[in-house]
Amino acid sequence: MTQRVALITGAARGIGAAVAARLARDGWRTVVADRDPAPEAPHRAVQADVADEAAVAALLAGVRAQEGRLDGLVCNAGFMIRKPLRDLTLVEWNSVLATNLTSSFLLVRAAEAMLREAKGAVVTMASTRAHMSEADTESYSASKGGLLALTHALAVSLGPDVRVNAVSPGWIATKGPEPTAEEHAFHPAGRVGRAEDIAGLVAWLLGPEAGFVTGAEFLSDGGVSAKMIYPE
Ligand SMILES: NC(=O)c1ccc[n+]([C@@H]2O[C@H](COP(=O)([O-])OP(=O)(O)OC[C@H]3O[C@@H](n4cnc5c(N)ncnc54)[C@H](O)[C@@H]3O)[C@@H](O)[C@H]2O)c1
């Protein structure tokens, strides 16, 4: 069988790195793209800013030239600016929207022909923050809400050739201090998430068992968004 090829963005660390590792283990040929240097082997690593139109065009031209096909695209790169509204500059707002939302438009547009040829699949990395917020997260929440809408729009436009779905993680421990026992226990699932939790879901969404799934959002948040919270 021909080896399937996946491109994973924001894969120098965190969720993206776990997704790339999982797909490589499952037998995919993996290309990882990040604005920071990412470890090579077993992947081909490309340093690229996915918010930059020319960089995205070059990235996909490279996949066409070197791998010759694209079966899976994981639009995972993203970041948050947490700042009171009054201090958030337009430059900062635009930078969050560019990486977290516009990059998926650029990536899928540049990858469309190869994805259609391969009857491939796309997974976008949204967030439970598309639906709920803490204070001072306007640009991030708006970007992830927009990404959900972009996901269903793409699913309709690219079907039946290409499936497009969103994963919305809750708290996944990828950086910062280790979660406390209390923080783990706050989750109905009994623990904070791991990058591997998300990788497993992405692997399933890219695979043939998800053939009837498109335009959908999958929450993986340990049950937090199902939990009703009132003051004690
Ligand atoms: N960790 C969580 O709790 C959580 C929860 C919900 C959603 N998410 C989403 O999952 C994704 C991955 O999160 P993470 O926790 O692994 O983050 P992370 O900060 O550990 O890793 C993100 C990676 O993306 C790269 N990146 C950022 N902007 C980029 C750009 N413009 N071009 C190329 N690469 C870029 C960074 O260099 C980094 O390697 C993000 O989209 C994030 O919003 C994370």
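By class, the shell around the ligand holds 10 nonpolar, nine polar and six charged residues. In total, 25 residues surround the ligand, and please keep in mind that this is a predicted model. The closest residues are Gly10, Gly14, Ile15, Ala77 and Gly78. Which element gives the largest share of that shell? Helix H1 does, with three residues.

Now let me step back to the whole chain. The protein has six helices and seven strands. Reading from the N terminus, the order of elements is β-α-β-β-α-β-α-β-α-β-α-α-β. The C-alpha trace spans about 60 × 40 × 35 Å along its principal axes. For 232 residues, a compact globule would have a radius of gyration near 17 Å, and the protein agrees with that because its own value is 17 Å.

On to the helix packing, then. Two packed helices are described by the angle between their axes and the distance between the axes.

H1 covers residues 14-25, H6 covers residues 195-206, and the two pack at an angle of about 50 degrees with their axes 8 Å apart. That angle makes H1 oblique to H6. The crossing of these two helices is right-handed. On the H1 side, the residues in the contact are Gly14, Ile15, Ala18, Val19, Arg22 and Leu23. They meet Ala195, Glu196, Ile198, Ala199, Gly200, Val202 and Ala203 in H6. Sorted by class, this contact between H1 and H6 has nine nonpolar, two polar and two charged residues. If you have the structure open, look at Gly14 and Ile15: both are in the H1 side of this contact, and both are among the closest residues to the ligand.

The second pair is H2, residues 53-66, with H3, residues 90-118. Their axes are 9 Å apart, and the packing angle is about 25 degrees. So H2 is roughly parallel to H3. Their crossing is right-handed. Which residues of H3 does H2 meet? They are Leu106, Leu107, Ala110, Ala111 and Met114, and the H2 side brings Glu53, Val56, Ala57, Leu60, Val63 and Arg64. The classes in this contact of H2 with H3 are nine nonpolar, no polar and two charged residues.

H3 has another partner, and that is H4. The axes of H3 and H4 come within 9 Å and cross at roughly 15 degrees. The two helices are therefore roughly parallel to each other. Left-handed or right-handed, what is the crossing of H3 and H4? This crossing is right-handed. From H3, the contact takes in Glu92, Trp93, Val96, Leu97, Asn100, Leu101, Ser104, Phe105, Val108 and Glu112. Facing them in H4 are Ser139, Tyr140, Ser143, Lys144, Gly146, Leu147, Leu150, Leu154 and Leu158. By class, the residues where H3 meets H4 come to 11 nonpolar, five polar and three charged.

A cis peptide bond joins Ala41 and Pro42, with omega about 10 degrees. Pro42 sits in the loop between strand S2 (29-34) and strand S3 (44-47). Another cis peptide bond joins Gly159 and Pro160, and there omega is about 0 degrees. You will find Pro160 in the loop between helix H4 (138-158) and strand S6 (163-169).

Where does Lys119 lie? Lys119 is in the loop between H3 and strand S5 (121-125).

How values were computed: Residues are numbered from 1 along each chain as its sequence is written. This is a predicted model: local features need pLDDT of at least 70, side-chain atom pairs count only at pLDDT 80 or more; totals for chains, interfaces and linings use all residues. Axes are lines fitted to C-alpha atoms, for helices over the stretch in contact, and angles run from 0 to 180 degrees between N-to-C directions. Helices (H or I, at least four residues) and strands (E, at least two) are DSSP runs, numbered from the N terminus. Angles under 35 degrees count as roughly parallel, over 145 as roughly antiparallel, 65 to 115 as roughly perpendicular and the rest as oblique. A crossing is left-handed if the near helix is turned anticlockwise from the far one by less than a right angle, and right-handed if clockwise. Two residues are in contact if their C-beta atoms, placed from the backbone, lie within 7 Å. Ala, Val, Leu, Ile, Met, Phe, Trp, Tyr, Cys and Pro count as nonpolar, Asp, Glu, Lys and Arg as charged, and the others, Gly among them, as polar. A residue is near a molecule or strand if its C-beta atom, placed from the backbone, lies within 6 Å of it. The radius of gyration is taken over C-alpha atoms; the globule rule is 2.2 Å times the number of residues to the power 0.38.
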